[in-house]
Amino acid sequence: MKFSSCFSNCFSLPSETAIINISQQDPQGENDENFTVFSYSELKLATRGFSAANKIGEGAFGCVYKGLLANGSIVAVKMLSIELESMRGEREFVSEISTLTNLKHENLVTLKGCCIDGAKRLLVYNYMENNSLAQILLGGQQNRIKLGWEARRTISLGVARGLAYLHEEVKPHIVHRDIKASNILLDRNLIPKVSDFGLSRILRDNVSHISTHVAGTLGYLAPEYAFSGRLTRKTDVYSFGVLLLEIISGKTVVDFDLELGEHYLVQKAWELYRANRILQLVDPIVGMNYPEEEADRFIKVGLLCVQEKARLRPEMSMALKMLRHDVDIELDQISQPGMVADLMNIKLGQKTTLHSLYSKASNLESTPSPLSSCS
Ligand SMILES: Nc1ncnc2c1ncn2[C@@H]1O[C@H](COP(=O)(O)OP(=O)(O)OP(=O)(O)O)[C@@H](O)[C@H]1O
């Protein structure tokens, strides 16, 4: 573990305490090299005082700023805006972050470390040059990049690999909970990196960070998770299936600007599948010269991942094998997917937590957000 020079100013626990706590989680000390505790002043300097010009995004957890560290590395600094009482205590927070920084995979965003300054908590990530899939695939025209089939294949396989790693190689396994296009970041070579993994660990039990303030977010939620809070790895598999359909079609999971009957991507994919016209889902930007057999397979894997019943969805490593055509998809495995349409009836438009969504599902009321917003 590395500490910045003014660590003692920004982290009120004696540093020894933090080290002892971390070594309990990491008896071999393997974390030490990866994990940095930054000082607040260092991050303030790097982001030019968290200036509006350096702000690159905002999510349920808070605002994200681009920063340049003194050593020349470019980072993304996430200033958490979660109420302190929702978060774990300082020692646990540092311990969890140190564990997460140890997760290394080509398809995960690297978490470099954190900072605690009084009530403020910040996370520091490697900066991803090409922003998120939400921006470059589904965003406004000015941000879009024309992605050909090769790029879409690389992104789909990369996300599947990153998730399979979290689900099946990390011990104990991590359920991401919030797989969606804005949580897939892209480096300068358009290699996809899953971000925001493991963040539920820094929250106290019974607090959820899933933001449901946009209809699109709801569309990624597996039915059993949205309605009863049942969370398993198959919850992520559902979200991955939605994402896969988005990557192939270039359409968002829910788009009310489209004509009636086209609003819900999963429903559209299912209808095209049943009508034997599945390739009509492929984004026209891809052009005519794409491998039809592969596109057909990717869409079917997408449909398999969004099956209503969690047990019918494949595990991520199996989905990956199917995408690579290491194993065949048995068509009788594909049946009616879980649809988002019912969720869409829930009154939207305010930031809410998933917890409040459960109750909204029955009474259609929204509750005020517990989150503060960025200045
Ligand atoms: N490491 C990073 N490199 C570059 N840009 C980033 C990085 N992390 C986040 N961003 C940008 O900041 C935005 C907000 O990210 P954040 O993860 O806080 O929220 P989100 O995923 O967009 O939404 P939500 O919190 O509701 O899930 C991202 O969409 C992306 O544009």
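**The core and its surroundings**

Tutor: The largest nonpolar core contains 93 residues, and Phe93 and Leu133 have the most contacts inside it. A nonpolar core here is a set of buried Ala, Val, Leu, Ile, Met, Phe, Trp, Tyr and Cys residues joined through side-chain atoms within 4.5 Å. Buried means under 20% relative accessible area, exposed over 50%, and partly exposed in between (1.4 Å probe, protein chains only). Helix H6 gives the most to this core, with 10 residues. Helices (H or I, at least four residues) and strands (E, at least two) are DSSP runs, numbered from the N terminus.

This is a predicted model: local features need pLDDT of at least 70, and side-chain atom pairs count only at pLDDT 80 or more, while totals for chains, interfaces and linings use all residues. Residues are numbered from 1 along each chain as its sequence is written, and side-chain values use heavy atoms, with hydrogens and water left out.

Take Leu133. Leaving aside residues up to four places away in sequence, Leu133 touches Leu138, Ile155, Ala181, Ile184, Leu186, Leu243 and Ile247. Contact means heavy atoms within 4.5 Å. A second, separate core has 14 residues, among them Cys63, Tyr65, Val77 and Val124.

Now the whole chain. It has 14 helices and 9 strands. Of its 375 residues, 54% count as buried. Among contacts with a separation of 6 or more, residues 24 or more positions apart account for 66%.

Next, helix H12, residues 316-324. Its buried residues are Met316, Ala319, Leu320, Met322 and Leu323. They cover an arc of only 160° around the axis, which puts them on the same side of H12. The arc is that of the directions from the helix axis to the C-beta atoms. What covers these residues includes H6 (149-169), H9 (233-249) and H11 (292-305). Just after H12, His325 has a positive phi of about 65°.

The axes of H6 and H12 come within 8 Å and cross at roughly 155°. That makes H6 roughly antiparallel to H12. Axes are lines fitted to C-alpha atoms, for helices over the stretch in contact, and angles run from 0 to 180 degrees between N-to-C directions. Angles under 35 degrees count as roughly parallel, over 145 as roughly antiparallel, 65 to 115 as roughly perpendicular and the rest as oblique. On H6, the contact is made by Ser156, Leu157, Ala160, Arg161, Leu163, Ala164, His167 and Glu168. On H12, the partners are Met316, Ser317, Leu320, Leu323 and Arg324.

Then the loops. Between H6 and strand E8 (184-186) lies Pro172. A cis peptide bond joins Lys171 to Pro172, with omega about -5°. Between H9 and H10 (265-274) lies Val254. Val254 is buried, at a relative accessible area of 10%. Its C-alpha atom is separated by 6.5 Å from that of Gly219, 35 residues apart along the chain.

Two asparagines also have positive phi. Asn131 sits in the loop between strand E7 (120-126) and H5 (133-136). Its phi is near 55°, and Asn131 counts as partly exposed, at 31% relative accessibility. Asn276 lies in the loop between H10 and H11. Its phi is about 60°, and Asn276 counts as exposed, at 72% relative accessibility. Most residues other than glycine have a negative phi, and most peptide bonds are trans.
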